[in-house]
Amino acid sequence: MNSRAFSTLQRSSITKLIFQAKPIRIHRGYTASLLNSIRKQQFPPNIKYVHNSPKPVPALSLPEQILKYNKEWAKNKTKADSSYFENMTAVQTPEILWIGCSDSRVCSDVLTGSNFGRVFTLRNVGNSLSTTDTNSLAVIQFAVETLKIKHIVIVGHTFCGAMEAAFKYNSLNGPISDWIKPIADLYNKNKPTIDALPTHKQQNQALSELNVKRNVDIINSLDIIKKTKKSGKELNIHGWIYDIENGSLQDLKVS
Amino acid sequence: MVSIKSFFNIAAIATVLSGVNAAPKCVKRVVDCPRHHLTPQEIEAMIPAGNHTLTEMVLEYNKIWSNDNLSFDPNYFKNFTGGQYPGLTWIGCSDSRVPSDTLTETVPGQIFTHRNIANSVSEDDINSLAVLQYTIDELKVQDIVISGHTYCGGINAAMNATAFNGPIAKWIQPIADLYEANRAQIDALSPGYERNYALGKLNVKRVVDIVGNLEMVKTAREEGQIVRVHGWIYHMETGLIEDLKVTNE
């Protein structure tokens, strides 16, 4: 059968015929080859069968997508281990406090495998700390006093938007201007060294690394940290940088 | 004799068949990607044995994770160097049992995240306000989610606020005030889970109202920008997110 012999109208009629076709009853006198040739007329092999496609589903917004996929995630987790979530409700015992950037590309849980209740997380713009910020100080106090955290890691990253904001600090206003000020001051103090670097990526990374060092120094100067270390409890402070270009964490060795 | 039509059919089939073994690019969520992505458990099992401190283990984990992604697609990370375009801002709790990136089944680049004790925002806290300002002015994200959770330590602390001092006491003061204002109703529930859940829900609603009424949000909305603020609770005991349906838009 030549498919060019059928017009679109004829093809849709054939489709209707296929779905409405009743099974051929085998009567005496019909041989198998005759039945086959009848079947070929009903189901020509070269025709592409066009079904009525279902109506396209409107794209979900990200919150709707998350609510939908979260259900599947929970179901799969429970299937693999029926007491997984029940075990999570016990008091949390993380050993690491992650102080990282809010950047959507630096997913602390994913790149450290921390879905085992391992990492207590503080994420803000530019992974920044200050001695007057109640928000981050409360997290550090809770981590050190209540959870008895053993490691604090401050993680900066390349291509950081907060460093870009520090580079153009004079154009900022509002809360973000107050927030970025310490990083802008750090940039101004090291301007010759940073501006001398050949590419913008390197300038951003250099400021990010200096910012991590600044935060490590701030943490080491906090009373609560000094007290904990003096009492002999194990507490290590680390400075890391996450390279967005290859997904790797590097220890800056600034503890 | 092969007709032109059947030639194209054969060509189409050949293309499809050759594509079956080629790995499609990951664009949506982790589970849409082919199975040769290692699970966290598989990566843990591959960490070389030895006397690692916990942070050394995390660095080893990360090395294996990033190699896994690169072996699947050499440009996987380079795609991120052009900037971030998240679809949602998550303001959640620092709790280690609420890994927002994992439980939402998202891939890197989708959620801009701020995590602090008891997912709180206040008008004099420049930390959370800077996150919101960056979200609205720079990233132009349309959806902000305030996500509380059950068994929250911050909520428990707010119900025993007098036992704390220092930055924590100051930080949880608004939640402690919320508890006092609703004490009769909350204390009528059984202690433990029920009270924590009730105060957690009230706290999420409180923060949704604060964020929805911020000057920067009002200004953005007046200029025609869409800003929706959602309130969710993550049920740790089942792994499910509950939408509290208190969306401010």
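Which residue of chain B forms a salt bridge with A:Arg123? Select A:Arg123 and B:Asp101: this pair forms the salt bridge, with the closest N and O atoms 3.4 Å apart. A salt bridge here is a side-chain nitrogen of Lys or Arg within 4 Å of a carboxyl oxygen of Asp or Glu.

**Before you go on**

This is a predicted model: local features need pLDDT of at least 70, side-chain atom pairs count only at pLDDT 80 or more, and totals for chains, interfaces and linings use all residues. Residues are numbered from 1 along each chain as its sequence is written, chains are lettered from A and ligands numbered from 1 in the order in which they are written, and side-chain values use heavy atoms, leaving out hydrogens and water.

**Stop 1: the interface**

Show chain A against chain B. Together they bury about 6900 Å², 63% of it on carbon and sulfur atoms. Buried area is the accessible area (1.4 Å probe) that two parts lose on being put together, summed over both. Now colour A:Trp73, A:Arg105 and A:Asn135. In chain A, these three lose the most area to chain B, together 9% of what that side buries.

The contact takes 75 residues from chain A and 74 residues from chain B; contact means heavy atoms within 4.5 Å. The rule finds 3 salt bridges across this interface. Next, select helix H3 (residues 62–80) of chain A. Helix H3 gives the most to the side of chain A that touches chain B, with 11 residues. Helices (H or I, at least four residues) and strands (E, at least two) are DSSP runs, numbered from the N terminus.

**Stop 2**

Select B:Arg115 and A:Asp109. They form a salt bridge, with the closest N and O atoms 3.3 Å apart. B:Arg115 lies in strand S2 (residues 111–116) of chain B and A:Asp109 in helix H5 of chain A, so the pair joins two chains. B:Arg115 is buried at 0% relative accessible area. A:Asp109 is buried too, at 1%. Buried means under 20% relative accessible area, exposed over 50%, partly exposed in between (1.4 Å probe, protein chains only).

**Stop 2: the annotated site**

Zoom to A:Asp103. Look in the loop between strand S1 (96–101) and helix H5 (108–112) of chain A. A:Asp103 is buried, at 1% relative accessible area. Beyond residues up to four places away in sequence, A:Asp103 touches A:Arg123, A:His157, A:Phe159, B:Gln84 and B:Phe112.

Move to A:Cys160, in the loop between strand S3 (151–157) and helix H7 (161–167) of chain A. A:Cys160 is buried, at 0%. Leaving aside neighbours within four places in sequence, its contacts are A:Cys101, A:Gly126 and A:Asn204.

**Stop 3: partly exposed salt bridges**

Select A:Lys191 and A:Asp195. Their side chains meet in a salt bridge (3.6 Å, N to O). Both lie in helix H9 (residues 191–195) of chain A, 4 residues apart, about one turn of the helix. A:Lys191 is partly exposed at 36%, and A:Asp195 is partly exposed at 37%.

Finish in chain B. The side chains of B:Arg195 and B:Asp187 meet in a salt bridge (3.8 Å, N to O).
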